[in-house]
Amino acid sequence: MKALQIVFSPTGGTGKVADVITQAWGMPVTKIDLSNPKTDDSSLCFEKDDIAVIAVPSFGGRVPGPAAQRLSHIHGNHTPCVIVCVYGNRAYEDTLVELNDIAEQSGFQVIAAIAAIAEHSIMHQYAAGRPDPEDKSELSGFAKKILEKINSDSVTSSALQIPGNRPYKKTGGAGLVPKADRDCTNCGLCAKQCPVQAISIENLKVADSKKCISCMRCVVQCPHSARKVNGAMVSAAALAMKKVCSVRKDNELYM
């Protein structure tokens with residue numbers, strides 16, 4: 001038996017949550033990085049006893065478009081899977097129910113769903129340091145309950161009762177597009193790492209606003225901290241979200 005992590009984690013928070021879950025199972029783990037546009041996700045092979053963890057961040061209450069597209073290319077072969085949406089302490093809205101639909105359409109058998117908190121990828125003061133030790137303990141407990149369900153042969157095909165709406169909420173555009181400042185050395189790492197190839201190697205300073213999904217991967221990956229978003233816009237957004245984001249939200253398990 002092995003676990004397969006199928007994860008879209010541009011800045012690493014979603015990956016941390018997925019790691020906690022699979023580590024609790026104590027089995028070999030194969031990782032598939034949906035954040036990498038060069039990942040060949042169409043040739044994945046699932047064996048009889050595999051367990052999949054499909055984890056994505058919530059982008060404005062929805063599954064990120066590139067993640068949804070890449071997941072649709074995977075053939076799940078009725079593999080039991082745990083779907084996970086990770087959000088920065090605001091709300092995940094329709095992300096989890098949309099991810100459930102995508103996973104089922106790709107042929108996975110969704111047996112459990114988790115909504116988890118990680119540090120906000122833009123406004124780092126919200127959910128700072130999460131998943132923290134308390135989160136990790138709780139998520140490990142969730143994972144062990146799920147494994148018990150699998151080992152007891154109590155997995156059924158009945159639909160989970162997951163919060164969210166169908167039709168899903170309307171997606172928003174990229175509100176914050178990172179730009180390079182004078183510290184940029186033109187190394188090109190941002191262009192190579194961009195999940196949607198919004199940065200041209202010929203013009204590294206500015207991302208294509210029509211392609212950019214504001215995932216902040218280029219900001220995190222830049223070795224010289226040369227890519228940034230508009231500070232005034234971030235401050236305004238943080239102020240608008242202060243009330244809803246300031247109260248610690250709990251992780252949630254649906255089985």
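Here are some notes on this predicted model, point by point.

1. Confidence first. The average pLDDT for the protein is 92, and 96% of the residues score at least 70. Helix H7 (residues 231–245) is where confidence is lowest, with a mean of 91, while strand S8 (residues 252–254) has the highest, at 98.

2. Have a look at S1. Five of its five residues are buried, so the strand is largely enclosed by the rest of the structure. Both faces are covered: Ala3, Gln5 and Val7 are buried on one side, and Leu4 and Ile6 on the other.

3. S1 has strand neighbours to go with that. It pairs with S2 (residues 29–33) in the parallel sense over five bridges, with Val29 as the bridge partner of Ala3.

4. Now the packing. The largest nonpolar core has 33 residues, and Ile6, Ile54, Leu71, Cys81, Ile83, Leu96 and Phe108 are those with the most contacts inside it. At least two residues each come from S1 (3–7), S3 (51–57), H2 (65–71), S4 (80–87), H3 (95–105) and S5 (109–117). H3 gives the most, with five residues. There is also a second, separate core of 25 residues, including Val86, Ile114, Phe142 and Ile150.

5. Leaving aside residues up to four places away in sequence, it touches Ile54, Leu96, Leu99, Asn100, Ala103, Val110, Ala112, Ala113, Ile114 and Ile162.

6. Next, some backbone geometry to check. Most residues other than glycine have a negative phi, and most peptide bonds are trans. Two cis peptide bonds deserve a mention here. One joins Arg130 and Pro131, with omega about 5 degrees; Pro131 is in the loop between S5 and helix H4 (133–151). Another joins Arg166 and Pro167, with omega about 0 degrees, and Pro167 lies in the loop between H4 and strand S6 (179–180).

7. Then the positive phi values. Ser214 is not a glycine, yet its phi is about 55 degrees. Its place is in the loop between helix H5 (189–193) and helix H6 (217–221), and Ser214 is buried, with a relative accessible area of 13%. Ser225, also not a glycine, has a positive phi of about 50 degrees and is found in the loop between H6 and strand S7 (227–228).

Terms used. Residues numbered from 1 in each chain as written. Predicted model: local features only at pLDDT ≥ 70, side-chain atom pairs only at ≥ 80, totals over all residues. Heavy atoms only, no water. Core = buried A, V, L, I, M, F, W, Y, C linked by side-chain atoms within 4.5 Å. Buried < 20%, exposed > 50% of the residue type's maximum accessible area, 1.4 Å probe, protein only. Helix = DSSP H or I, 4+ residues; strand = E, 2+ residues; numbered from the N terminus. Contact = heavy atoms within 4.5 Å. Pairing = 2+ DSSP bridges. pLDDT = per-residue confidence, 0-100.
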